[in-house]
Amino acid sequence: MNYIEHIGKYFMMLKEVFKKPQKWNVFREALFREIEDLGLKSIGIVSFISFFVGGVVAIQTALNVDSPLIPKYLIGFATKRSMILEFAPTFASVILAGKVGSFITSSIGTMRVTEQIDALEVMGINSLNYLVLPKVLATVFFYPLIVIVGMFLGIFGGWVAGSLTGLFHSADYIGGIQLDFNPYLVQYALIKSVVFAFLIATIPSYHGFYVKGGALEVGRASTQAVVWTSVVIILMNYFLTQTLLG
Amino acid sequence: MIEVKGIQKSFGDATILKGVDATFERGKTSLIIGQSGSGKTVFLKSLLGLHNPEEGTIAFDGKISKDLDEDGRRQLRQDIGMVFQGSALFDSLTVEENVMFPMKMFTDRSMSEMMDRVNTVLKRVNLTNANKKFPAELSGGMQKRVAIARAIVMNPKYLFCDEPNSGLDPKTAIVIDNLIQEITAEFKITTVINTHDMNSVMEIGEKIIFLKNGLKAWEGTSKDVFKTDNESVVDFVYSSNLFKKVRQAYLDEIN
């Protein structure tokens with residue numbers, strides 16, 4: 001099957017996904033389950049990586065900016081900008097594409113190869129709507145929150161790194177954070193996180209839903225899903241940056 | 001009653017079903033048998049609406065499935081119970097949640113009403129004290145019982161089973177076969193079973209349809225299987241020496 005066919009099939013899938021849920025109380029239960037599985041359980045890894053990446057960015061900047069002509073507050077400023085503009089929305093999304101994307105593909109793919117999706121269809125349930133819509137909503141509404149947590153922890157990680165290594169003073173770092181704060185950049189980051197969250201939920205769902213074969217194919221589909229989700233995130237990142245900041 | 005008239009189904013250049021006619025009566029257990037690749041699974045999936053045949057009609061108590069509107073099709077789906085080969089229980093749900101699932105989706109019953117019904121059907125399939133277990137914690141036979149309980153919880157008019165006793169030991173397989181037959185008679189369900197299991201053919205085959213190369217090659221009852229001179233059926237059903245001897249003994253006895 002060529003790429004055009006896959007893209008067409010993906011959009012046909014979305015048409016089925018965005019239909020009215022058949023039973024609201026069942027949908028609500030599924031949504032809360034997905035918020036727990038895809039959202040709450042992702043906070044830990046994003047927090048951990050954000051904290052340490054923030055620390056590393058601050059240390060790298062401090063080590064590379066040793067000219068007396070460049071003010072020290074630039075370290076806090078650079079760390080803040082890196083975390084808000086790229087790390088929290090994009091890098092964290094690529095990490096989540098790996099963690100959550102493989103989970104979505106393998107869980108839906110396993111349901112496919114063990115006939116659980118056929119069972120839903122035989123009962124008269126729109127399986128795409130039942131399985132995918134709660135995932136889309138859970139990620140689209142929850143990931144911006146995770147991204148905000150990532151921004152804060154990254155910037156905090158930079159401050160902790162400076163305090164522990166003594167490479168820069170706390171006051172300089174805090175001054176850098178407060179310098180030239182532009183709320184639109186946070187808005188830009190959140191818009192990106194919503195788009196990436198949508199991709200993280202839908203591309204792996206597509207790969208899982210249409211898998212054919214057995215356990216090996218589910219494994220392959222999970223890998224493909226992670227690769228394609230990452231590729232599309234990176235491409236969309238370019239287009240969104242050009243559109244929103246260009 | 002289900003009436004199938006001349007259904008044809010192709011995938012690409014391969015025609016899998018080449019005009020199959022069949023009638024499945026209410027309160028009876030009908031079996032579809034045939035070699036791998038004969039079209040059994042495609043036939044069953046066509047009955048279930050998972051495949052759309054290019055030609056022919058399938059009528060459920062007079063209602064032709066392809067002529068139904070969306071509401072009609074949804075209603076028909078709710079009248080259908082299905083037991084899949086691998087049970088197809090939802091891994092993330094407990095036994096009682098699995099059985100309750102169709103009721104939660106399609107009825108407005110209270111939780112206590114649904115629990116009463118769940119307990120009733122689980123008792124009917126002789127599965128107690130497993131309500132809170134997950135499918136992975138159950139044996140193959142227990143999973144099949146849960147699948148049967150889920151299939152009958154909405155009082156279906158039609159029950160379809162795809163290889164219901166595959167992977168089970170012979171004793172458990174007979175128990176599952178008998179359970180399906182009892183439920184079929186008790187609730188006056190139209191039951192269609194897709195099977196390779198010759199024990200099932202002999203035990204519960206009130207009507208047997210033999211498919212070969214996408215066509216109905218033979219039709220009869222479990223008693224007719226002993227007497228038939230259709231070579232394809234004899235070759236398929238009596239492929240083992242044991243069954244050949246059983247058949248010969250039966251023929252000697254009636255002669």
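In this predicted model, the contact between the two chains draws on 13 residues from chain A and 14 residues from chain B. On the side of chain A that touches chain B, helix α4(A), residues 116-122, gives the most, with 5 residues. Sorted by class, that side of chain A comprises 5 nonpolar, 4 polar and 4 charged residues.

Chain A itself contains 8 helices and 0 strands, and its pattern along the sequence reads α-α-α-α-α-α-α-α. The C-alpha trace of chain A spans about 70 × 40 × 30 Å along its principal axes, and buried residues make up 44% of the 246 residues in this chain. Among the contacts in chain A with a separation of 6 or more, 88% are between residues 24 or more positions apart.

Chain B includes an open sheet of 4 strands, ordered β2-β1-β4-β5 with antiparallel pairing. Strands β2(B), residues 14-24, and β5(B), residues 63-64, stand at the edges with a single partner strand each, so one side of each is left without a neighbour in the sheet. Two of the pairings in this sheet can be set side by side.

| Strand pair | Sense | Bridges |
|---|---|---|
| β1(B) and β4(B) | antiparallel | 5 bridges |
| β4(B) and β5(B) | antiparallel | 2 bridges |

Towards β5(B), B:Phe60 stands opposite B:Lys63, and the hairpin formed by β4(B) and β5(B) has 2 residues between the strands, with B:Asp61 taking a positive phi near 50°. Helix α1(B), residues 40-48, lies across β1(B), β2(B) and β4(B), and runs at about 60° to β2(B).

Turning to the helices of chain B, α4(B) covers residues 111-124, and its 14 residues should span 20 Å at 1.5 Å a residue, which agrees with the 20 Å that separates its end C-alpha atoms. Which residues of α4(B) are buried? They are B:Val118, B:Val121 and B:Leu122, and because these residues cover an arc of only 100° around the axis, they lie on the same side of α4(B). The other side of α4(B) carries the exposed residues B:Ser112, B:Glu113, B:Asp116 and B:Lys123. The cover over the buried residues of α4(B) includes helices α3(B), residues 95-106, and α5(B), residues 140-152. After α4(B) comes B:Asn126, whose phi is positive, near 60°.

A further residue of chain B, B:Ile183, is placed in helix α6(B), which covers residues 170-186. Is B:Ile183 buried or exposed? With 21 C-beta neighbours inside 10 Å, B:Ile183 counts as buried, because the cut-off for a buried residue is 20 or more such atoms. Leaving aside residues up to four places away in sequence, B:Ile183 touches B:Ile152 and B:Ile189. The C-alpha atom of B:Ile183 is separated by 16 Å from that of B:Asn165, a residue 18 residues apart from B:Ile183 along the chain.

Note on methods
Residues numbered from 1 in each chain as written. Chains lettered and ligands numbered in written order. Predicted model: local features only at pLDDT ≥ 70, side-chain atom pairs only at ≥ 80, totals over all residues. Pairing = 2+ DSSP bridges. Contact = placed C-beta atoms within 7 Å. Axes fitted to C-alpha atoms, helices over the stretch in contact; angles between N-to-C directions. Buried ≥ 20, exposed ≤ 12 C-beta atoms within 10 Å, placed from the backbone. Expected span 1.5 Å × (residues − 1). Arc of directions from axis to C-beta. Nonpolar A, V, L, I, M, F, W, Y, C, P; charged D, E, K, R; others polar.
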